[in-house]
Amino acid sequence: MHGQSLTTWAARFGQRFEQRIPRRIDEAWLTRFVDAPRFGWDMAGLQVGFIDPLYRFVDAHGTTVGGQACLRHVRPAFACKLIDALSSRDEAVDAEAVLRFDAELTALELHALSSMMLDHLDNGRNLATSQGAERQLALPVLITVAYSARQLAASMLWRESALVGKRARALAQRFSRLLFLQGIGHTLDLAGGERILEHGDEQALEDHLRWYLSPLDFEIACELAAAAADLPADAAQALIGAGADLGIAWQCARRVQFRGDSQASGQRLDQPVRWSRLAGGTSLCEGAPREAWLSIGARAKERALAGARKVGPRAEEVFEEFFTETRTDLSARIDMEVSA
Amino acid sequence: MSAVITPIAITPNQDTAARDTFSDSFLTDMSPELSTAYLETLGFCKSTVLATVEQIGSLSFLREVRGGHVPQEWESLLDDVWVRPFRSYLERSGKMLRPFLVCLCMKAYGRDPERSPVAVALAEMIHSASLLLDDIVDDSELRRGGPSGHTQVGIRVSGTLASAWLNAGFEMLQRMPGALSEDEVARLMREISWEHWVTGIGTTIDVVWPTLGHFDHAPHEYLQSVVHRSTSYTYRLPLKIGAIAAGASEEECAKFAALGEELGISFQLIDDILNLKPADGHWGKTVAEDITEGKITLLVLLAMQRARPEAAQRLAYILQARTRDRELLSEAVSIMDSCGAFEAARRIAHEHVERTHRIVEEMHFLPDRYRRLLADFVNYVVNRSR
């Protein structure tokens, strides 16, 4: 294994996240990230209306590995591991050199959290019929927290990046675009799910998945690592493409392994799947086309590893370890194990 | 994945220009010079905004931004779900005041807005996207006489499509920069991303206060929330976009931002008053929605400080009742009136209007004509009757 595990990086990043967005915000924090107050903040209102709900999701949501341990911050952790592997000249881990990108890493985490916050809501025609599984927060508050988290992420990259010059600008631009891309993907996903549209074939489903949160986030994680390591353009492009494929593979594995187990996964995995029927007419959420997820995921995994290999053995090693540590195993064995 | 972004051009269709879809009665509230300048740009503004939306809403555009990876099945959803609810907001508005402000700023610096149409389109698109989100959190059924976005496509779909359109500007700026320099594009993206974020912070106060069940917030805390809520998309952001697209210096941009902020505060305070007390003294079909929605505005906070305890308690009761009963709504207004809350709110609004005018006067770097037009615009905004 190169360097530290995802779990170790996740724990390190978790501490850094709490420094960047403290559990209790004060005027200095608001002045730094928003502006100096003209009239005076209602600190208590912002605490209960933004920070407390945000941390409720930080604390509650993670990625289940093997149905047991909970790996939070999987995207930033992967980015840390990759930055470490591509940037360090020797095997000694220089955590500080990696965590100096905490603004970028925090942005990644905020983006994922923001999406998860809204996963449990229904698509009703008014607030009363959209509450879904959310029991603690009034929907206007929850929706505003999700909105703020997402937009804070983009603003943080523009204002606090550890990268300099064109690299900082390029990453901020790509992240800002990500919000647009994911917004479209999510809109069409939800609407298609409601109308039970069908995908023509596996390629169409794979194209659909490419607009999901995970492929987009892992692309950004790879772009950050490429910028941090100052990779040449062709290697950076290979890595970014590999990141998207890693995200697709991970997404597919999670569908298969944790379908219907929202408590374990932290997401309602049945929701977007509803519309993903393939030719043949069998709905993916009914179980039979598990093979479709497995084959799309397996192909994406292969492409991810091949892409990482182009960058070098260290990148490939990090990708391999990611799949192992997150149990992104797309073999029939795991399929049977889960079925059993 | 597309590694290199190819700039593309927006081609406004002047034939679709705009005066056929909106009532122009508000033009009488503008000075003759302002209404002339406004009408000169209106057709261009509207056709540019609609052409941009059409372009971004196409399957070919999505294919381009995601390297061809777009499922064919999306085609049947695109117009229905992604474009139509959004376009309906744009078409219902008609006024295009924000694109007009962008054009005004650019022309003041001798820049031709038609060479950077993306800046013009951005201001209105961001505003409309924010209205879709506002309608969700307010659970409004109607917007400008038509069904709100979420009543058409659902809360979640409307939220994600609004979020996508809100952030579409980042894609547009990179793909359709027109005559904007790389540096101007980056400055615009940085400022837009900040405005998007701080609007969330301002809105937090707006949505969390009614859930807390108490009314002892300070009036200055309300004003602070307004700085980061309604001031942004109404005036501060359009003026910033215009100034940056015009090539204004950092110092001049800051002045435009200050103008937008001050005008936005004035606008909001006057809007709060007009919501409860229309200038013509008559309540129309929908009345005092702020009370029905339990909004804690400056008027409410001032009333809570000034009214006798039993009157304050009664006001709190009515606000929490989420009522449409005209008698109760009238009683709430009467409580605010009799304790002097309206008078105090008007005084505060007036101070901000005065400050707005002072900022315009200090913008010596602008040609006289454009300072005059900005001053007229301020008057138009603060003197409207409803």
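**Terms and their grounds**

Mentor: Between chain A and chain B the count is 6 salt bridges; please bear in mind that this is a predicted model.

Trainee: Why is the pair A:R169 and B:D183 called a salt bridge?
Mentor: The closest N and O atoms of A:R169 and B:D183 are 3.4 Å apart. The cut-off for an Arg nitrogen and an Asp carboxyl oxygen is 4 Å, so the pair qualifies.

Trainee: Which element gives the most to the side of chain A that touches chain B?
Mentor: That is α8(A), with 20 residues.

Trainee: How many residues of the two chains are in contact?
Mentor: The contact involves 76 residues of chain A and 78 residues of chain B. The two chains bury about 6,600 Å² between them, with 63% of it on carbon and sulfur atoms.

Trainee: How do you know that the length of helix α3 of chain A agrees with its number of residues?
Mentor: At 1.5 Å a residue, the 18 residues of α3 (residues 43-60) should span 26 Å. The end C-alpha atoms are 24 Å apart, which agrees.

Trainee: Where does α3(A) bend?
Mentor: The bend, of about 30°, is at A:I51, and the proline A:P53 follows within four residues.

Trainee: What covers the buried residues of α3(A)?
Mentor: Those buried residues include A:G49, A:F50 and A:I51. Their cover includes α1, α2, α6 and α7 of chain A, together with α8 (182-212) of chain B.

Definitions and conventions. Residues are numbered from 1 along each chain as its sequence is written. Chains are lettered from A and ligands numbered from 1 in the order in which they are written. This is a predicted model: local features need pLDDT of at least 70, side-chain atom pairs count only at pLDDT 80 or more; totals for chains, interfaces and linings use all residues. Side-chain values use heavy atoms; hydrogens and water are left out. Helices (H or I, at least four residues) and strands (E, at least two) are DSSP runs, numbered from the N terminus. The expected span of a helix is 1.5 Å times one less than its number of residues. The bend at a residue is the angle between axes fitted to the seven residues ending there and the seven starting there. Buried means under 20% relative accessible area, exposed over 50%, partly exposed in between (1.4 Å probe, protein chains only). Contact means heavy atoms within 4.5 Å. Buried area is the accessible area (1.4 Å probe) that two parts lose on being put together, summed over both. A salt bridge is a side-chain nitrogen of Lys or Arg within 4 Å of a carboxyl oxygen of Asp or Glu.
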